[in-house]
Amino acid sequence: SGRVTGVQTCALPIFLPTLAAEVVLSGIMLGCYALFAALRQDILLGAALGTAAALVNFAAMILGLLRASKKENPLSAQLTSRVLFVVRMVVLLVVLVIALKSKRFDPLATLLPLCFMRLALMASELVRKKKKGVPAA
């Protein structure tokens, strides 16, 4: 159906700031590489791949959870969520292994953006709480 549910409206304020924070953190990483005169093509390609992988993985997670939330049966929703998690991790692993074995991508610049997602989530949550006036935990 084309209507927006409560879960979708709840996910959107988390989704967009988190994506923006991920891109900013990846940009800061590239800035650090440039600062130390170590910015090469493999680093740029690695950063692009890692950032894209993190963003696609996060979007797939949100969409999967929205899909699972529509299930009538809680056990079915839980199973859907778990299966989608495993599929996302396997796809992510396969893409990264193939990319890193190709030697065209810097391993650190590829993997760091995947670690930034947790920081991006924390930063967007802090901003969201600050806007609402909720004290940070």
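Biologist: Why is L112 called partly exposed?

Modeller: L112 has a relative accessible area of 26%. Buried means under 20%, exposed over 50% and partly exposed in between, with a 1.4 Å probe and protein chains only. The value of 26% lies in between, so L112 is partly exposed. This is a predicted model, in which local features need pLDDT of at least 70 and side-chain atom pairs count only at pLDDT 80 or more, while totals for chains, interfaces and linings use all residues. Residues are numbered from 1 along each chain as its sequence is written, and side-chain values use heavy atoms, with hydrogens and water left out.

Biologist: What makes A37 exposed, and what is particular about its phi?

Modeller: A37 has a relative accessible area of 73%, so A37 falls in the exposed class. A37 is not a glycine, yet its phi is positive, at about 55 degrees. A37 sits in the loop between α1 and α2. K103, in the loop between α3 and α4, has a positive phi near 65 degrees and is exposed at 71%.

Biologist: Which residues make up the largest nonpolar core?

Modeller: A nonpolar core is a set of buried Ala, Val, Leu, Ile, Met, Phe, Trp, Tyr and Cys residues joined through side-chain atoms within 4.5 Å. The largest has 9 residues: F15, L19, A21, A54, F58, I62, L66, M117 and A120. Two or more residues come from each of α1 (6-35), α2 (41-69) and α4, and α2 gives the most, with 4. A second, separate core of 6 residues includes M29, I43, A47 and A109.

Biologist: Why is α2 called oblique to α4?

Modeller: Their axes, lines fitted to C-alpha atoms over the stretch in contact, with angles from 0 to 180 degrees between N-to-C directions, come within 7 Å and cross at roughly 40 degrees. Angles under 35 degrees count as roughly parallel, over 145 as roughly antiparallel, 65 to 115 as roughly perpendicular and the rest as oblique. The angle of roughly 40 degrees is among the rest, so α2 is oblique to α4.

Biologist: What makes α2 and α3 roughly antiparallel?

Modeller: The axes of α2 and helix α3, residues 74-101, come within 9 Å and cross at roughly 165 degrees. That angle is over 145, and therefore α2 and α3 are roughly antiparallel.

Biologist: How are the residues of the contact of α2 with α3 divided by class?

Modeller: Contact means heavy atoms within 4.5 Å. Residues of α2 including L49, A53 and R67 meet residues of α3 including L84, R88 and L92. The contact has 12 nonpolar, 4 polar and 2 charged residues, where Ala, Val, Leu, Ile, Met, Phe, Trp, Tyr, Cys and Pro count as nonpolar, Asp, Glu, Lys and Arg as charged, and the others, Gly among them, as polar.
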